[in-house]
Amino acid sequence: MSASEVHRGSSTLEPPHTLTATGGRSFGAGRALRPGAKVLPEHARGHNRSLVLQTLFHQGAMSRADLSRETGLTRVTISDLVGELIADGFVAELGVRESSRPGKPAILVDLDRAGHRIVGLDLSGTDTFIGAVLTLDGEIVVRREAPVPASAGDVVATVVELARELVAESHAPVLGIGVGTPGVVDDRGIILTAPNFGWAGFDLESALEGALQLPVLVANDANAAVLAEYTWGGAGDDVLLVKVGRGVGSGLLSGGQPMRGSRFAAGEIGHVTVGTDGGPQCVCGKVGCLEAWLSVPSLTERMDAAPDAAGRESVLRDAGERLGIALAPVVGALDLSEIVLSGPIELLDGPLAAAAVETLRSRTLAQFHDGVRVRMTAQGQDIVLRGAAVMVLSGQLGVS
């Protein structure tokens with residue numbers, strides 16, 4: 001049963017949202033990923049500058065008068081800010097607006113979408129690191145791959161070389177480099193733990209900035225992915241994205257804000273025990289972890305060992321049930337509106353997702369959680385790369 005075929009009276013499994021040609025959509029009040037606290041006078045100019053860029057990013061070309069109305073800033077302030085942003089190369093004048101009304105026609109301005117590029121890196125692959133050059137709209141214009149080195153000691157050198165290759169092919173100033181990586185990552189880009197790379201307390205962000213001489217932002221790959229789904233994938237304010245690959249992790253937004261947790265480990269659901277009936281042993285040493293059922297290597301191994309098609313479907317449904325068990329308390333505690341799945345569509349979109357929906361429905365309060373949607377992302381393997389671009393846009397320009 002595919003995602004498009006399952007529609008239930010309670011939690012529903014839906015097809016992925018269609019991505020628009022422009023990729024963007026308008027955020028309502030308070031939807032930015034930037035902090036929503038009171039703006040102090042000394043920070044007002046930076047806030048207003050970001051507000052102008054945010055408005056143009058999502059709504060497109062408009063006149064200075066339009067910007068004044070949309071942002072609530074005075075025309076004098078808008079004129080000053082637009083002039084500054086033009087000088088900095090982030091905004092461009094596009095010419096006059098066609099108008100039949102009398103008077104001087106308005107000059108349109110927009111984000112200079114071709115004026116800068118972003119480099120995104122996805123280190124979550126089993127066999128390859130993926131990198132890309134992206135536009136400010138999240139469109140990939142150059143893509144490159146590098147094999148994951150056999151030695152963990154060679155990982156940084158491989159990432160630096162891949163990034164340098166992409167910067168050389170950007171053909172425009174690079175706004176910054178965003179990196180999505182496995183592991184628990186704090187808000188300074190320090191890898192608190194990433195066993196697959198042998199990292200513990202490793203300052204990846206500073207290491208890359210020192211080597212590349214460009215701004216670098218590093219985040220957990222699932223946390224990067226949920227930013228892409230929020231900005232370009234049609235996700236709501238309260239969403240959990242489950243990323244299935246070599247491991248299992250998730251990224252979480254509540255009220256449109258990223259949730260990182262007190263130890264930056266929010267979303268680490270892969271090693272939550274979802275079986276009291278035994279089950280496969282996890283790489284962490286425990287028995288019954290979600291990752292032991294749901295990771296791509298575990299699923300593939302168990303399906304290869306199944307005797308026939310019915311056996312393979314049973315493996316997928318078993319994994320989906322375990323996923324539903326893990327998701328139900330999260331949905332109940334946070335009142336999420338949707339769950340987005342990211343990973344191999346041939347594994348996730350079908351019996352596995354259907355079983356997850358059924359289990360989620362049976363384990364949550366129908367009155368409040370009947371409308372929870374479960375769907376595949378439409379962004380495929382590009383989701384971490386595009387999330388890395390959102391990190392740079394938000395960190396460098398205050399745009400989300």
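Leaving aside neighbours within four places in sequence, which residues is Lys243 in contact with? Point 2 takes this up.

1. Basis. This is a predicted model: local features need pLDDT of at least 70, side-chain atom pairs count only at pLDDT 80 or more, and totals for chains, interfaces and linings use all residues. Residues are numbered from 1 along each chain as its sequence is written, and side-chain values use heavy atoms, with hydrogens and water left out.

2. Lys243. Contact here means heavy atoms within 4.5 Å. Leaving aside neighbours within four places in sequence, Lys243 is in contact with Ser124, Asp221, Ala222, Val248, Gly249, Ser342 and Val384. The residue sits in strand S13. Helices (H or I, at least four residues) and strands (E, at least two) are DSSP runs, numbered from the N terminus. Lys243 is buried, at a relative accessible area of 12%. Buried means under 20% relative accessible area, exposed over 50%, and partly exposed in between (1.4 Å probe, protein chains only). The side chains of Lys243 and Ser124 are joined by a polar contact of 3.1 Å. A polar contact is a pair of N or O atoms within 3.5 Å; within protein, one must be able to donate a hydrogen and the other to accept it, and residues adjacent in sequence count only if both atoms are side-chain atoms.

3. Largest nonpolar core. A nonpolar core is a set of buried Ala, Val, Leu, Ile, Met, Phe, Trp, Tyr and Cys residues joined through side-chain atoms within 4.5 Å. The largest one has 44 residues, and those touching the most other members are Val52, Leu53, Leu56, Leu67, Leu175 and Leu393. At least two residues of this core come from each of helix H1 (44-59), helix H3 (75-87), strand S4 (107-111), strand S6 (128-134), helix H6 (221-232), strand S13 (239-244) and helix H13 (383-397). H13 gives the largest share, nine residues. A second, separate core has 34 residues, including Val248, Ile269, Leu299 and Ala356.

4. Strand S4. Four of the five residues of S4 are buried, so the strand is mostly covered. Two strands pair if DSSP finds at least two bridges between them. Strand S2 (residues 62-63) pairs with S4 in the antiparallel sense over two bridges. In that pairing, Met62 stands opposite Val109. Strand S3 (residues 91-96) also pairs with S4 in the antiparallel sense, over five bridges. There, Val91 stands opposite Leu111.

5. Three-stranded sheet. An open sheet runs in the order S9-S10-S11, with antiparallel pairing. Its edge strands are S9 (184-185) and S11 (202-203), and each pairs on one side only. S9 and S10 (residues 190-193) are linked by two bridges in the antiparallel sense. Val184 stands opposite Thr193 in S10.

6. Aromatic pairs. How many does a search of the whole structure find? The search finds four. Rings of Phe, Tyr and Trp (its six-membered ring) pair if their centres lie within 6.5 Å; planes under 30 degrees apart count as stacked, over 60 as edge-to-face and the rest as tilted. Phe129 and Phe197 have ring centres 5.9 Å apart and planes at 80°, so this pair is edge-to-face. Phe129 lies in strand S6 and Phe197 in the loop between S10 and S11, so the pair ties together parts 68 residues apart in sequence. Both are buried: Phe129 at 0% relative accessible area, Phe197 at 4%.

7. Trp199 and Phe202 form a tilted pair, 5.2 Å centre to centre with 40° between the planes. Trp199 is buried at 8%, whereas Phe202 is partly exposed at 25%. Phe129, Phe197, Trp199 and Phe202 form one aromatic cluster.

8. Cysteines. A disulfide is a pair of cysteine sulfur atoms within 2.5 Å. By this rule the count is zero. Cys282 is buried at 7% relative accessibility, and Cys289 is buried at 0%.

9. Pro258. This residue lies in strand S15 (residues 257-258). Pro258 is partly exposed, at 27% relative accessibility. Pro258 and Leu227 are 31 residues apart in sequence, and their C-alpha atoms are 8.2 Å apart in space.
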